Amino acid sequence: TEKKKFDELNREYIHKNLSVTRLFGIFTPSLTLTVGVAAMISLWVGGEAVVAKEMSLGSFVAFNGYLLMLSWPMMGIGYVVNLTQKGQAAMGRIQEMFLARPGIVDDAKTINSIDEFRGDIEFRDLNFSYSQSDKPSLQNIKFKIPSGQILAVVGVIGSGKSTLVQLIPRLYEVAKDTLFIGGHSIRDIPLSVLRKNIGYVDQEPYLFSATLRENIIFGMNEISTEAVNDVIKNSGLLADINRFPDGLETIIGERGVSLSGGQIQRVALARALLIRPKILVLDDAFSSLDAETEDNILKNIREFTSGITTVMVSHRLTAVRKADRIILINDGQIVEDGSHDELLQLDGKYAQTYKNQALAMEMEITLQ
């Protein structure tokens, strides 16, 4: 569907550019022709007038000089009109951004209703689709995460894992009374309060063209150096920062262009840990790390996030085996639910995938 929309936009863009090119193809020769015809008429009529002594030679030369001087301003008017049209089109696009309003906003009743909440999360028969015409991305989701527990969400690509965790910070709207946080319906919690208490690390986090320190403390007004050093250590960034020429003051470039994928994810993790959220969401946040580094970071943040409800998405099942609870999603539905040991005893899809991944890792170690 998206490819089709993109193709239609491309075709529209090509059509409009071709129209402009055709217009310029007609406009430029026509302008040159008009100037030439005007000069020819001037010579013809003016020459006859000079011969007939109805006009002096000086007046004729002056007239032609004025005519030549006027031709370029007239051409300039055409270029100004063209630039004005381009400017209006560009301003329209800018205004569209300035006037854009979020689709998810607080109701008037919820603005000052809740100041804080606990970290427990509950899904009650939740169904979700991105549009009415789309197939449901999540169906009959029903479970509860007590405050302070670690929940792991696993499944194949496209099964609905990211969709599920993106509902927690209310990046997409859900039906009323289907998702509760701290005992409150998520639609009753003010967005500022909700998102201030949720640390979210995406698969592809965004970093700014600033220093490492500024990227880590982004959004924080006052923060101690000790707190920054603590999250750096727990996110596994300490050794990397020591190798940078300017340490925390190293400028990393737009989107962290000077960092590796794993370093970008760890900077984003440090940023999320710094706010000490009540809920931490890790949406495949360690996909660019090797298994050993991921395991070390998880050990660190388990201690650091004690008492924080953690929801983590991962394709690497060896990383989630110590989670308090694991749910396996397939085609938008929860098909297996339990602890690591319980799911292995169930001998279902989770157990089969875990054994395959463990065997692959053993073979990789043997080959090395």
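Residues are numbered from 1 along each chain as its sequence is written, and side-chain values use heavy atoms, with hydrogens and water left out. Because the model is predicted, local features need pLDDT of at least 70 and side-chain atom pairs count only at pLDDT 80 or more, whereas totals for chains, interfaces and linings use all residues. The chain has an average pLDDT (the predictor's confidence in each residue, from 0 to 100) of 84, and 98% of the residues score at least 70. Confidence is highest in β4, at a mean of 92, and lowest in α9, at 75. Helices (H or I, at least four residues) and strands (E, at least two) are DSSP runs, numbered from the N terminus.

Four strands form an open sheet in the order β2-β1-β4-β5, with antiparallel pairing; two strands are taken to pair if DSSP finds at least two bridges between them. β2 (138-145) and β5 (184-185) are the edge strands, each with a single partner, so one side of each lacks a neighbour in the sheet. Two bridges join β4 (residues 179-181) to β5 in the antiparallel sense, and Ile181 stands opposite His184 in β5.

Seven aromatic pairs were counted, where rings of Phe, Tyr and Trp (its six-membered ring) pair if their centres lie within 6.5 Å, and planes under 30 degrees apart count as stacked, over 60 as edge-to-face and the rest as tilted. The rings of Phe128 and Tyr130 are edge-to-face, with centres 5.1 Å apart and planes at 80 degrees. Tyr130 also forms an edge-to-face pair with Tyr172, at 5.1 Å centre to centre and 85 degrees between the planes. Tyr130 lies in the loop between β1 (121-128) and β2, and Tyr172 in the loop between α3 (161-166) and β4, so this pair ties together parts that are 42 residues apart in sequence. Phe128, Tyr130 and Tyr172 form one aromatic cluster. Phe128 is buried, at 7% relative accessibility, while Tyr130 is partly exposed at 38% and Tyr172 is partly exposed at 32% (buried means under 20% relative accessible area, exposed over 50%, partly exposed in between; 1.4 Å probe, protein chains only).

The structure holds one cavity of 30 Å³ or more, a cavity being a set of points, on a 1 Å grid over the protein atoms alone, where a 1.4 Å probe fits but cannot get out, with lining residues having an atom within 4 Å of a point. α9 (291-304) and β8 (309-313) each supply at least two of the lining residues, and α9 gives the most, with three.

Note on methods: 1 Å grid on protein atoms, 1.4 Å probe; cavity = no way out; pocket = protein on both sides within 12 Å on 5 of 7 lines; lining within 4 Å. Points joined across faces, edges and corners; volume = space filled by probe spheres on them.
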